[in-house]
Amino acid sequence: MFHSPRRLCSALLQRDAPGLRRLPAPGLRRPFSPPASAPRPASPRLLAAVSAASGAARSCSRTACSMGTGTSRLYSALAKTLNSSAASQHPEYLVSPDPEHLEPIDPKELLEECRAVLHTRPPRFQRDFVDLRTDCPSTHPPIRVMQWNILAQALGEGKDNFVQCPVEALKWEERKCLILEEILAYQPDILCLQEVDHYFDTFQPLLSRLGYQGTFFPKPWSPCLDVEHNNGPDGCALFFLQNRFKLVNSANIRLTAMTLKTNQVAIAQTLECKESGRQFCIAVTHLKARTGWERFRSAQGCDLLQNLQNITQGAKIPLIVCGDFNAEPTEEVYKHFASSSLNLNSAYKLLSADGQSEPPYTTWKIRTSGECRHTLDYIWYSKHALNVRSALDLLTEEQIGPNRLPSFNYPSDHLSLVCDFSFTEEPDGLL
Ligand SMILES: NC(=O)C1=CN([C@@H]2O[C@H](COP(=O)(O)OP(=O)(O)OC[C@H]3O[C@@H](n4cnc5c(N)ncnc54)[C@H](OP(=O)(O)O)[C@@H]3O)[C@@H](O)[C@H]2O)C=CC1
Ligand SMILES: [Mg+2]
């Protein structure tokens, strides 16, 4: 239901490296994208609904606000999430969504709604998919995976010290719509997120109505909890489209380092593709941040690899691991993943001319300590069992701008990474 339009992608622009082709961003995005220099379109009807919603939802009970049409139900859903930070007496991160949240939403309508909220913001950045494997025909649609550290709201406002980012750019009511817009633009089949501190009040209810099944594993001692008016702990979240995959098993993993339990977590799930019947494991993690913690990260990486060895039955099940590893490619933890007996490759290396270099950055921000430009985020995959058919190019330095990230245009200090995978033709080939 949610993945057909992008199949229309066709090669457009030649890329610098021979054999790589730049693809337009997928289906929904193009019709709704303004030209690069144009302001965001405003929709008076939707704008009126959303601005009314912010006030109305504060005084209405869920039942009293319930409305009949698809659009008004959608308005109602967004209004509830817009109001989430006002519900401080009721920590919504502990409350299960009510059944009303399970009514399907048309992704186009939600995208329009988000764009209406964002009408005063500058236009979205254009990013293109780069075609990597045109010589690999596949009978089944690819599996699109998004890796993204979305920036916890409490950390962005209370801890991160993004000195060049205006506080207005971090307003949750709008930043939330930028995050949703990014997800709706690329329509991933699987979403691997870090720094999620609005799971139960925002992402779980909305994404479940878009057809996703979600799992959240908070950090045991989330630094968000130190921030006044926080929305609960941050953690990793994993979502997959229920019409494409069946959940075979799921593990929430608290990572250890030198046998000690740590504050970092991972989620690993084995999924079965409904089209092909093939199984694979998808994992998401967020390793310990900061310099001085390299050995700690390395130990966490070893623990994760050991867990994944067990879950994939010694690499019999193909694997995709997404994460903010908080480690440059020069670090030990990166080397452990690159040389593991799980036979993993890092997908974004394929964007480089020689296929051997990671991108120059996946996060770029300015803190009090100065400019922080690093490659920390990765999508690892079983190189003998999976092909990367295309990958979403990163933002250019010019697009990111002199004040870096986050910004009025982009909601996180980390860029989203998006890849399309297909299985290699021989299911029993060497993993
Ligand atoms: N109450 C208690 O007993 C305990 C409390 N804590 C709390 O948790 C915190 C540490 O938790 P831990 O999980 O180890 O955190 P990390 O060191 O892994 O970092 C937490 C977050 O801070 C961000 N970050 C990275 N560098 C900086 C920076 N220079 N300035 C500001 N933020 C940065 C990271 O973002 P990114 O990944 O994007 O770089 C990350 O999301 C403590 O400071 C404390 O607040 C922890 C343990 C026990
Ligand atoms: Mg962060």
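Modeller: Let me begin with burial: a residue is called buried under 20% relative accessible area, exposed over 50% and partly exposed in between, using a 1.4 Å probe and the protein chains only. This is a predicted model, in which local features need pLDDT of at least 70 and side-chain atom pairs count only at pLDDT 80 or more, whereas totals for chains, interfaces and linings use all residues. Residues are numbered from 1 along each chain as its sequence is written, chains are lettered from A and ligands numbered from 1 in the order in which they are written, and side-chain values use heavy atoms, with hydrogens and water left out.

Colleague: Why is Asn231 called buried?

Modeller: Its relative accessible area is 13%, and the cut-off for burial is under 20%, so Asn231 counts as buried. Asn231 belongs to the loop between β6 (212-218) and β7 (235-241), where strands (E, at least two residues) and helices (H or I, at least four) are DSSP runs numbered from the N terminus.

Colleague: What makes the pairing of Asn231 and Asp201 a polar contact?

Modeller: The term requires a pair of N or O atoms within 3.5 Å; within protein, one must be able to donate a hydrogen and the other to accept it, and residues adjacent in sequence count only if both atoms are side-chain atoms. The side chains of Asn231 and Asp201 are joined at 3.1 Å, and the side chain of Asn231 also reaches the backbone oxygen of Asp197 at 2.8 Å.

Colleague: Why is Met258 called exposed, and what is noted about its phi?

Modeller: Met258 has 56% relative accessibility and therefore counts as exposed, given that the cut-off is over 50%. Its phi is near 50 degrees, a positive value in a residue other than glycine, and Met258 is placed in the loop between β8 (245-257) and β9 (260-273).

Colleague: Is Arg404 buried or exposed?

Modeller: With 11% relative accessibility, Arg404 counts as buried. Arg404 lies in the loop between α11 and β17, and its phi, near 60 degrees, is again a positive value in a residue other than glycine. Pro406 is found in the loop between α11 (397-400) and β17 (417-423), and the peptide bond from Leu405 to Pro406 is cis, with omega near -10 degrees.

Colleague: What makes helix α5 mostly covered?

Modeller: Of the 11 residues of α5 (residues 107-117), 8 are buried, among them Leu110, Leu111, Cys114 and Val117. At the start of this helix, a side-chain oxygen of Asp106 reaches to within 2.9 Å of the backbone nitrogen of Lys108.

Colleague: Which side chains make polar contacts with ligand 1, and how much of the ligand does the protein bury?

Modeller: A polar side-chain atom of Arg290 lies 2.9 Å from an oxygen atom of ligand 1, an N or O atom in the side chain of Asn149 is 3.3 Å from a ligand oxygen, and a polar side-chain atom of Asp160 is 3.4 Å from a ligand nitrogen. Taken alone, ligand 1 exposes 910 Å², and the protein buries 72% of that, with areas computed by the Shrake-Rupley method using a 1.4 Å probe and, for residues, only the protein chains shown as cover.

Colleague: And what part of the whole protein is buried?

Modeller: Buried residues make up 58% of its 431 residues.
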